[in-house]
Each structure stands twice: as C-alpha cells, then as structure tokens.
Amino acid sequence: MKSIAKVASWILIFFGVLFIWGAFSAEGQPSWLLIGGITVAIGFGLMWYAGQKLAAPGEQKVTYNVDLTGDVKLEKFQCQQCGGALSDKNVALVGGALTVTCPYCGAVYQIEEAPKW
C-alpha cells in the first residue's frame, strides 16, 4: 500500500510541476497554476503518508540494565576461546543469564560468578 502511495505521489508531483510550468508558457492559463499547486500538494501529502511508520499492535519495547555484582572490571575480560579483549558492550542478558559474545570469533558463553568466600 505504501509503495503504491509513493509511486502515486511522484506521478502527482511530476504532473503538478508540468501544470505549473505550463501556466507560464504562451498558451498557458492561470488556472493551471492552481491545478498544479493542488496536485503537488496532494503528491507531497501522499509522500508524507507513505513515510509514516505504523506501530504494530501488541509490539512492546523491552529494555534492561545489567548491574554486575561486586567489583568487576570488564575492560580486563578476555575471550575464553580466542583471547580477544572484551568490553561491557559484549555482555548481554539472555534468558536471565549474563552472556558474553566475542566480537572477534563469535563465541558465546555464560558468565560464571565464583563464590566470594
């Protein structure tokens, strides 16, 4: 539906500009200026409508914050497989567990917290 509106808007804008341009020719009539202006306005209105994003029903945005317990220095994390440096941007909460995804080798593993006693 939106693609049809985009094509129709470009067609309306094209012919609206032609009407406006033709109004200033030797055989042009002043009413063509009004017709061209209305046509261009409808074309831009359709273009605006086609650019609108409709929210899907039932769509929810979920955000979460990961608070690590204790003194954890993420800048010293290294990938268990390739040894690549990891940062806090590589840590995510997946299924209730903290997981790390290595940007270098693609390894995904769960963070295990050792007991502090």
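This is a predicted model: local features need pLDDT of at least 70, side-chain atom pairs count only at pLDDT 80 or more; totals for chains, interfaces and linings use all residues.

User: Which elements have the lowest and the highest mean pLDDT?

Analyst: Strand β1 (residues 91-94) has the lowest mean, 81, while helix α2 (residues 30-51) has the highest, 92.

User: And the overall layout, what pattern does the protein follow along the sequence?

Analyst: The pattern reads α-α-β-β-β, made up of 2 helices and 3 strands.

User: OK, the strands. What order do they take in the sheet?

Analyst: The order is β1-β2-β3, in an open sheet with antiparallel pairing. β1 and β3 (108-110) are the edge strands; each has a single partner strand, so one side of each has no neighbour in the sheet. On average, neighbouring strands here are turned by 35° against each other, ignoring direction.

User: What holds paired strands together in general, again?

Analyst: Strands of a sheet pair through backbone hydrogen bonds, in either a parallel or an antiparallel way.

User: How many bridges are there between β1 and β2?

Analyst: There are 4, linking β1 to strand β2 (residues 97-101) in the antiparallel sense.

User: Switching to the surface. Which residues make the nonpolar patch?

Analyst: Val7, Ile11, Phe14, Phe15, Leu18, Phe19, Trp21 and Ile35 make it, and the patch covers about 800 Å². Helix α1 (residues 2-23) is the main contributor, giving 7 residues.

User: Take Phe14 then. Buried, partly exposed or exposed?

Analyst: Phe14, which sits in helix α1, is partly exposed: its relative accessibility is 49%, and exposed would need over 50%.

User: One more, Gly51. Where is Gly51 found, and is that residue buried or exposed?

Analyst: Gly51 belongs to helix α2. With a relative accessible area of 60%, Gly51 is exposed, because the cut-off for exposed is over 50%.

User: How far apart are Gly51 and Ser3, in sequence and in space?

Analyst: In sequence, Gly51 and Ser3 are 48 residues apart; in space, their C-alpha atoms are 9.8 Å apart.

User: Great, that's what I was after. Thanks!

Note on methods. Residues are numbered from 1 along each chain as its sequence is written. Side-chain values use heavy atoms; hydrogens and water are left out. Patches are made of residues with over 30% relative accessible area and no salt bridge: like charges are joined within 9 Å, nonpolar side chains (Val, Leu, Ile, Met, Phe, Trp, Tyr) within 5 Å. Accessible areas come from the Shrake-Rupley method with a 1.4 Å probe; for residues, only the protein chains shown count as cover. A salt bridge is a side-chain nitrogen of Lys or Arg within 4 Å of a carboxyl oxygen of Asp or Glu. Buried means under 20% relative accessible area, exposed over 50%, partly exposed in between (1.4 Å probe, protein chains only). pLDDT is the predictor's confidence in each residue, from 0 to 100. Two strands pair if DSSP finds at least two bridges between them. Axes are lines fitted to C-alpha atoms, for helices over the stretch in contact, and angles run from 0 to 180 degrees between N-to-C directions.
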